[in-house]
Amino acid sequence: LWQRLGTSLANFGRCAESAEAYLTAANLETNEANIIQLQRMAAEQLLISGHMDQGLAVLQSFLDRVGLSLPSSPKKALLSFLYKRAQIWWRGLEFKTRSEVEILPTEIMRIDTCWAGAIGLGIVDITLGATFQAQHLLLALNAGEPYRIARALAMEAGYSATGGGPNRSRTEEYVRAATELANKINQPHALGLTKVMAGLAAFLVGEWRRCAELTLSADEILRDNCTGTIWELSTATFFRLRALYWLGDIAYLFNVLPAHIKEASDQGDLLALVNSHIRAAYFIDLANDEPKLAETKLEEILSKWSNKYFHMQHLQGWFVAVEIALYQNDALKAWELFQQKWSKITDSLFLRIQLLLIEALHLHARILVALSTIDGANSTSHLAVAEQKAKQLEQEKMPYSIAFALPIRAAIAYQNKDKQEASYFLSQAKDLFEILEMALHKAVVTYQLGKISNNIDLTLSAEEWMRSQKIKNPAKIANMLVPGFS
């Protein structure tokens, strides 16, 4: 009965309560294999809902009994991942089909345990999650059970996508393989999961529109055909909301975020709740010209998250805190916040994810440009480093990273009293952001271009668009995203 209650609660998305029920059932169980299975299900429910410390503790309590272990540091996790990745490369993706009844229960348990680690850590601790995922794919291929292979291939696409542009062809190969297998066995969960990962992959190469479309399609498949898919649904929503931000559909975020946050809060889904606040809801507060409220909410939501390790949520919270400081025109505070966490961020290996590296380079350059406007004695050195960051953005060779570099170059030219060159770079950025459908960034670049060229029509058109997206103070948003022109 306790196990059934746990499953019912999991299907309702009430993961932490589900885990409690599973652990109660485990305490009443006498069969060792059943105890491990219940602990595995509890660990999965805790991890996918953001209860990281408790989830990892439960996971560690039985890992050695299924022949698995947890790396003790990010570097050890990376080495383990690279070794298993080499094994996959050497082995290939071929498999001999077997039904679940033909596979030893211990083998199934190891696969499902690695699945729990791969999804539970996927958008929290990417290096540790990747270690579980590499083992997950290896075990699934060796076992030969089609559903678990399709599931593993889908997750592999997501992890591969973190490499961004350089990994694009490999990621697409995994998406194709997972889609073909999911369709062949007519398994809606595997198909929905594959679309979530394909959407994530599109997001990580800057294809925001495609990401929004794929994750919406995944949402429909999962809601109509599956139960117990709270992680898949919240992940799809998270990347769709973030893609809509990059597309500049801020008004839509105003409309959908409150309901999404309420649902996550009602379900006790800490992962969805924190992710919604730190990467979407904060911008709504800034659009409302309420930076202090954004700061307060950020502190409150991060206080609920684990501080035992440095997670993706801490990195994203850092991005937000620095952007809030830039919005308040406090370049010194932004620089102080940037320096406080930089060594921890580089040690965490998160900047191996191309999109996060691009965001960090762009943020660094914006801070330096903003500093140059108030620190006359060091203005030249600030601008020199900002130019280095612009070059690094261009070297990533992604259309959106190149677009981010152009306003930085424009600001440097403007600070060096070359309005003609500044206007040129801003015009180039405006055109590229339009091609990329990044409407908000196009608007703020247009706003600054109008200011420095004394073209009131440009400035007013940009202001009008931003106000149509419920942005109360267009100037502050423009100076946050494209500083250096005040």
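Colleague: Is Trp-2 buried, partly exposed or exposed?

Modeller: In this predicted model, Trp-2 is partly exposed, because its relative accessible area is 39%, which lies between the 20% limit for buried and the 50% limit for exposed.

Colleague: Which helix is Trp-2 found in?

Modeller: Trp-2 belongs to helix H1. On the surface, Trp-2 forms a nonpolar patch with Leu-5 and Leu-28. Together these residues have about 310 Å² of accessible area.

Colleague: And which residues of H1 are buried?

Modeller: In helix H1, which runs over residues 2–11, the buried residues are Gly-6, Leu-9 and Ala-10. They lie on the same side of H1, because they cover an arc of only 100° around the axis.

Colleague: What do the buried residues of H1 pack against?

Modeller: Their partners are helix H2 (15–28) and helix H3 (32–48).

Colleague: Let us turn to charges. How many salt bridges are there?

Modeller: The count comes to 26 salt bridges. One of them joins the side chains of Asp-112 and Arg-151, at 3.0 Å from N to O. This pair links distant parts of the chain, 39 residues apart: Asp-112 is in helix H6 (residues 105–120) and Arg-151 in helix H8 (residues 146–161).

Colleague: Are Asp-112 and Arg-151 buried or exposed?

Modeller: Asp-112 and Arg-151 are both buried. They also take part in a network of salt bridges that links Glu-100, Asp-112, Glu-145, Arg-148 and Arg-151.

Colleague: Which residue forms a salt bridge with Glu-387?

Modeller: The partner of Glu-387 is Arg-409, and their closest N and O atoms are 3.6 Å apart. Here too the pair links distant parts of the chain, with Glu-387 in helix H19 (residues 379–395) and Arg-409 in helix H20 (residues 399–415), 22 residues apart.

Colleague: Why does Arg-409 count as buried?

Modeller: Arg-409 counts as buried because its relative accessibility is 15%, and the limit for buried is under 20%. Glu-387, at 32% relative accessibility, counts as partly exposed.

Colleague: One last pair. How far apart are the closest N and O atoms of Lys-442 and Glu-434?

Modeller: In that salt bridge, the closest N and O atoms of Lys-442 and Glu-434 are 3.7 Å apart.

Colleague: And what is the relative accessibility of Lys-442, and of Glu-434?

Modeller: Lys-442 has 25% relative accessibility and so counts as partly exposed. Glu-434 has 46% and also counts as partly exposed.

Methods: Residues are numbered from 1 along each chain as its sequence is written. This is a predicted model: local features need pLDDT of at least 70, side-chain atom pairs count only at pLDDT 80 or more; totals for chains, interfaces and linings use all residues. Side-chain values use heavy atoms; hydrogens and water are left out. Buried means under 20% relative accessible area, exposed over 50%, partly exposed in between (1.4 Å probe, protein chains only). Helices (H or I, at least four residues) and strands (E, at least two) are DSSP runs, numbered from the N terminus. The arc is that of the directions from the helix axis to the C-beta atoms. Contact means heavy atoms within 4.5 Å. Patches are made of residues with over 30% relative accessible area and no salt bridge: like charges are joined within 9 Å, nonpolar side chains (Val, Leu, Ile, Met, Phe, Trp, Tyr) within 5 Å. Accessible areas come from the Shrake-Rupley method with a 1.4 Å probe; for residues, only the protein chains shown count as cover. A salt bridge is a side-chain nitrogen of Lys or Arg within 4 Å of a carboxyl oxygen of Asp or Glu.
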